Amino acid sequence: MTRNTVEKSAVTLLGLGAMGAALARTWLAAGLPLTVWNRNPHRSAALAAEGARVADSAAEAVAASTLVVVCLLDDASVDEVLAGIDLADRDLVNLTTSTPAQARARAEWARERGARYLDGGIMAVPSMIGVREAGGYVFYSGSRELFERHQETLGVPAGTTYVGEDAGFAALHDVALLSAMYGMFAGSAHAFALIRQEDIDPASLAPLLADWLVAMAPAVHRTADRLRSGDYTKDVASPLAMQVVGTSTLLSTAEQQGVSPELLSPYFALMRRRLGEGSGEEDLTGVIDLLVR
């Protein structure tokens, strides 16, 4: 989206950490009138030089624009910064990382103060903001009407994905994807640990590991299909019983390589438990049911 195609909607941004500053610069580059505020004023100086209006207080910043975007450290920071500020008739978009429960509570908090509310979960790091080809995007949930009203402006820094009227859904999607990411990091850490004391260049393993993870990624679609149908045995290539037997090789190799199995053992334990309770002809989908309390 270019400077010429973005409607000149005024934006207020509260919070100029690494992510907030990246958001600010993309809106300024698109020619949008931007008012900024940060608890540490020195972070505002560079943005002022780029055309941002720097407010002396959070209240002054909120009063400057109907669209108020909040990108602070945590949910408690939102309370602290917006305490006592008049939010009546403001469109509050909260990009602060939070839990689904916090997002739902914040939506009610905003409604009680006369504000319209949209919650966001940023699936990007600051360097991806404003770089369309980097693939970063933001989950949004809450008022669909509010999302559609500001979608063009919100889409300047990164892509937008609306996930539902429930204000907690953006945070839930955010945490779900990040949880899967850390699971991938855990597996990768174990893989590198296995070769750590061998005459194997980690750089030679890296492309093999990346390609293998990409090849395995489509399995999430089959898992989703099985969860929807309830049939965990349809078109299973690697039955649970067979995979449980195979885990002994992975654990023995870790022991022989002097590597702790602590990243793998909890998942393998769930696999064995599911095998004891379910069908050996299933795939791994049944493990999900064991996790839901």
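Trainee: Which residues line the largest cavity?

Mentor: In this predicted model, a search of the whole structure finds one cavity of 30 Å³ or more. The largest cavity has a volume of about 40 Å³. Its lining is formed by Leu 23, Trp 27, Leu 95, Val 138, Tyr 140, Leu 154, Pro 157 and Ala 158.

Trainee: Which elements give two or more residues to the lining of the largest cavity?

Mentor: By class, the lining of this cavity holds eight nonpolar residues, no polar and no charged. The elements that supply two or more of the lining residues are α1 and β7 (137–142).

Trainee: Which elements give two or more residues to the lining of the second largest pocket?

Mentor: About 530 Å³ of space lies in this pocket. Of its 26 lining residues, Met 19, Gly 20, Cys 71, Leu 72 and Leu 73 lie nearest the centre. The elements that contribute two or more residues are α1 (18–29), β6 (116–123) and α7.

Trainee: How many residues of the lining of the second largest pocket are charged?

Mentor: The lining of the second largest pocket consists of 26 residues. Of these, 15 are nonpolar and eight are polar, and the number of charged residues is three.

Trainee: Are α4 and α5 roughly parallel or roughly antiparallel?

Mentor: The axes of α4 (residues 75–82) and α5 (residues 100–112) come within 11 Å and cross at roughly 15°. Angles under 35 degrees count as roughly parallel. The crossing angle therefore makes the arrangement of α4 and α5 roughly parallel.

Trainee: Which residues of α5 meet α4?

Mentor: The crossing of α4 and α5 is left-handed. On the α4 side, the contact involves Asp 75, Val 78, Asp 79 and Leu 82, and the residues of α5 that they meet are Gln 102, Arg 106 and Trp 109.

Trainee: Is the crossing of α7 and α8 left-handed or right-handed?

Mentor: These helices pack at an angle of about 145°, with their axes 11 Å apart. Met 184, Ser 188, Ala 191, Phe 192 and Ile 195 of α7 make the contact with Pro 202, Leu 205, Ala 206, Leu 209 and Leu 213 of α8. The contact residues comprise nine nonpolar, one polar and no charged. As α7 passes α8, the crossing is right-handed.

Trainee: Is α10 roughly parallel or roughly antiparallel to α11?

Mentor: The axes of α10 and α11 come within 10 Å and cross at roughly 150°. Because angles over 145 degrees count as roughly antiparallel, the arrangement of α10 and α11 is roughly antiparallel.

Trainee: How many charged residues are in the contact of α10 with α11?

Mentor: Among the contact residues are Leu 240 and Gln 243 of α10 and Arg 272 and Arg 274 of α11. The contact has eight nonpolar and three polar residues, and its charged residues number two.

Technical notes: Residues numbered from 1 in each chain as written. Predicted model: local features only at pLDDT ≥ 70, side-chain atom pairs only at ≥ 80, totals over all residues. Heavy atoms only, no water. 1 Å grid on protein atoms, 1.4 Å probe; cavity = no way out; pocket = protein on both sides within 12 Å on 5 of 7 lines; lining within 4 Å. Points joined across faces, edges and corners; volume = space filled by probe spheres on them. Helix = DSSP H or I, 4+ residues; strand = E, 2+ residues; numbered from the N terminus. Nonpolar A, V, L, I, M, F, W, Y, C, P; charged D, E, K, R; others polar. Axes fitted to C-alpha atoms, helices over the stretch in contact; angles between N-to-C directions. Parallel < 35°, antiparallel > 145°, perpendicular 65-115°, else oblique. Left-handed = near helix turned anticlockwise from the far one by under 90°. Contact = heavy atoms within 4.5 Å.
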